[in-house]
Amino acid sequence: VSSVLSCVMTTVVYYSFYVEDAENKLKSIVELTKDFENWEDEGKINSSVNKILNATDYSMRFTIIRKNGEVVYDSRAKNESLESHKDRPEVAAAFEKGHGEDTRYSSTTKTDMYYYAVRISENEVLRVSRDIRSINSVFIGILPVLALLFVFLLVIVYASANSFTRRVLK
């Protein structure tokens with residue numbers, strides 16, 4: 001029981017560190033590249049996106065949204081018409097406070113996403129998002145390691161109990 005509880009607690013702690021690290025990396029990228037000059041026309045947008053993607057080892061989605069909710073640019077939903085993003089929590093917060101964030105399921109990418117948005121001009125917000133694996137997929141990914149740990153602990157406990165029992169009986 002204690003081994004199973006240890007495995008579950010390890011997974012929960014690992015997941016929280018994973019999510020926090022993903023969020024912090026994304027925030028840093030956005031803060032370093034939020035100057036409007038990097039996002040003012042399609043050529044500069046593509047150049048900025050390519051530089052960032054080449055410097056990282058994970059996939060990100062870039063979206064530029066106008067104050068009325070119109071999507072001006074989206075790196076994953078090219079040539080698709082997207083609904084208004086005006087009421088998205090991170091977008092509304094970015095226009096109001098200068099930046100905003102949210103984690104939710106994306107129907108466009110079919111995964112849980114962490115969104116971080118920052119105002120790049122009075123009329124536009126840059127939103128960068130990254131998929132966040134669910135806790136179930138994290139648990140499944142580390143399950144083999146946890147199973148090995150469980151077997152290792154079981155062998156040690158069995159050997160210790162066996163040795164202790166022999167000494168007591170002696």
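Modeller: E101 is partly exposed, with a relative accessible area of 38%, where buried means under 20%, exposed means over 50% and partly exposed is what lies in between, found with a 1.4 Å probe and the protein chains only. This is a predicted model, in which local features need a pLDDT of at least 70 and side-chain atom pairs count only at pLDDT 80 or more, while totals for chains, interfaces and linings use all residues. Residues are numbered from 1 along each chain as its sequence is written, and side-chain values use heavy atoms, with hydrogens and water left out.

The partner of E101 is K27, and the closest N and O atoms of this salt bridge are 3.4 Å apart; the term means a side-chain nitrogen of Lys or Arg within 4 Å of a carboxyl oxygen of Asp or Glu. Because K27 lies in helix α1 and E101 in strand β3 (residues 99–106), the pair ties together parts that are 74 residues apart in sequence. Here helices (H or I, at least four residues) and strands (E, at least two) are DSSP runs, numbered from the N terminus. K27 also counts as partly exposed, at 23% relative accessibility. In general, side chains of opposite charge can pair when their charged atoms come close.

Helix α1 (residues 2–33) also holds both D21 and K25, which sit 4 residues apart, about one turn of the helix. Their side chains meet in a salt bridge of 3.4 Å, from N to O. D21 is partly exposed, at 39% relative accessible area, and K25 is partly exposed as well, at 36%.

Another salt bridge joins R66 and E124, with 3.7 Å between the closest N and O atoms. This pair links distant parts of the chain, since R66 belongs to strand β1 (residues 60–66) and E124 to strand β5, 58 residues apart. R66 is partly exposed at 34%, whereas E124 is buried at 11% relative accessibility.

Strand β5 spans residues 124–131 and is also the place of R130. R130 is buried yet has no salt bridge, and the nearest side chain of opposite charge, that of D131, is 5.0 Å away. If residues up to four places away in sequence are not counted, the residues that R130 touches include A22, K25, Y58 and D112, a contact being heavy atoms within 4.5 Å.

Salt bridges can also join into groups, and E90, D102, R104 and R127 are linked in a network of this kind. The count for the model comes to 9 salt bridges. The chain has 22 positive and 23 negative side chains, where Lys and Arg count as positive and Asp and Glu as negative, while His and the chain ends are not counted.

As a setting for these pairs, the chain has 4 helices and 5 strands, which run α-α-β-β-α-β-β-β-α from the N terminus on. Its C-alpha atoms fill a box of roughly 85 × 30 × 30 Å, taken along the principal axes. Of the 170 residues of the chain, 35% count as buried. Among contacts between residues at least 6 apart in sequence, 48% join residues at least 24 apart.

Key:
Charge placed at Lys NZ, Arg CZ, Asp CG, Glu CD.
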